[in-house]
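Thanks, I'll keep this short.

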Amino acid sequence: MLNIVIFGPPGSGKGTQSENLIKKYNLEHISTGDLLRHEIQTNTQLGALAKQHMDKGELVPDEVIIGMIDSFLDKNAGKVTGVIFDGFPRTVAQAEALKNLLAEYKSGVSVMLNLEVPDAELLTRLIERGKTSGRSDDNEETIKKRIEVYNAQTRPVIDFYKKEGKLANIKGVGAIDAIFAEICKAVDAVK
Ligand code: AP5
């Protein structure tokens, strides 16, 4: 399986570039943020718990997220050519869990694409998106908190994949197509 982790701070382009990757490489896509928003929209218990954290820009507890990935792999592993993990892992504990879960299927992460975008650009993009997205976390105060949480809790995941020899740093500023071309080079190198 070609397993791609698309990684970066809020607003770095994970969702945008995932769409391009799905089309080009025919991969299954899992976005933990999208799954959680679906749980909220359908008024589930999990959604109610997730909302408490997401509206404050905080992370949803690891065990909830890891459970979601476990059941996703249960349904898909072995049946698909590969997976794009978007917005996951977001803590070192999640990265370790993903390694163990994929090992059960004699698989592993092929590459971690780390989209690098300065904080000021993230803020500009997400405030702009917030005008139409309807996302309750796309307001200036919560965006700033999400970036702070990324720097404190999520950034260490970069070192985890560096040690695993899976890290590909991608400059995430500029034309979407030009960024995607760099992404393709990194993916093609591990295919
Ligand atoms: P999640 O849904 O994953 O959101 P996020 O990481 O904050 O990322 P975004 O969706 O905001 O941005 P993106 O990087 O996908 O960028 P996009 O392509 O949309 O998570 C939301 C919340 O859920 C978290 O805060 C947390 O509470 C919870 N959660 C989710 N996963 C979790 C986990 N694993 N563990 C714990 N909690 C979890 O682009 C952004 C904007 O920029 C768009 O408008 C786009 O058009 C634009 N854009 C993209 N590329 C460019 C470019 N090159 N130039 C200019 N504009 C661009």
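The shell around the ligand has 31 residues, and of these Thr16, Glu58, Arg90, Arg129 and Arg146 come nearest; a residue counts as near if one of its heavy atoms lies within 4 Å of the molecule. This is a predicted model, where local features need pLDDT of at least 70, side-chain atom pairs count only at pLDDT 80 or more, and totals for chains, interfaces and linings use all residues. Residues are numbered from 1 along each chain as its sequence is written, and side-chain values use heavy atoms, with hydrogens and water left out.

By class, the shell is made up of eleven nonpolar, eleven polar and nine charged residues. Ala, Val, Leu, Ile, Met, Phe, Trp, Tyr, Cys and Pro count as nonpolar, Asp, Glu, Lys and Arg as charged, and the others, Gly among them, as polar.

Now some individual atom pairs. An N or O atom in the side chain of arginine 129 is 2.7 Å from an oxygen atom of the ligand. Glutamine 94 places a polar side-chain atom 2.9 Å from a ligand nitrogen atom. At glycine 15 a backbone N or O atom lies 2.9 Å from an oxygen atom of the ligand.

Which helix gives the most to the shell around the ligand? Helix 2 does, with four residues. Helices here are DSSP runs of H or I, at least four residues, and strands are runs of E, at least two, numbered from the N terminus.

Last, threonine 91, in the loop between strand 3 (82-86) and helix 5 (92-103). Is threonine 91 buried or exposed? Threonine 91 counts as buried because its relative accessibility is 9%, and buried means under 20% relative accessible area (1.4 Å probe, protein chains only).

Note on methods:
Polar contact = N/O pair within 3.5 Å; in protein donor to acceptor, adjacent residues only side chain to side chain. Buried < 20%, exposed > 50% of the residue type's maximum accessible area, 1.4 Å probe, protein only.
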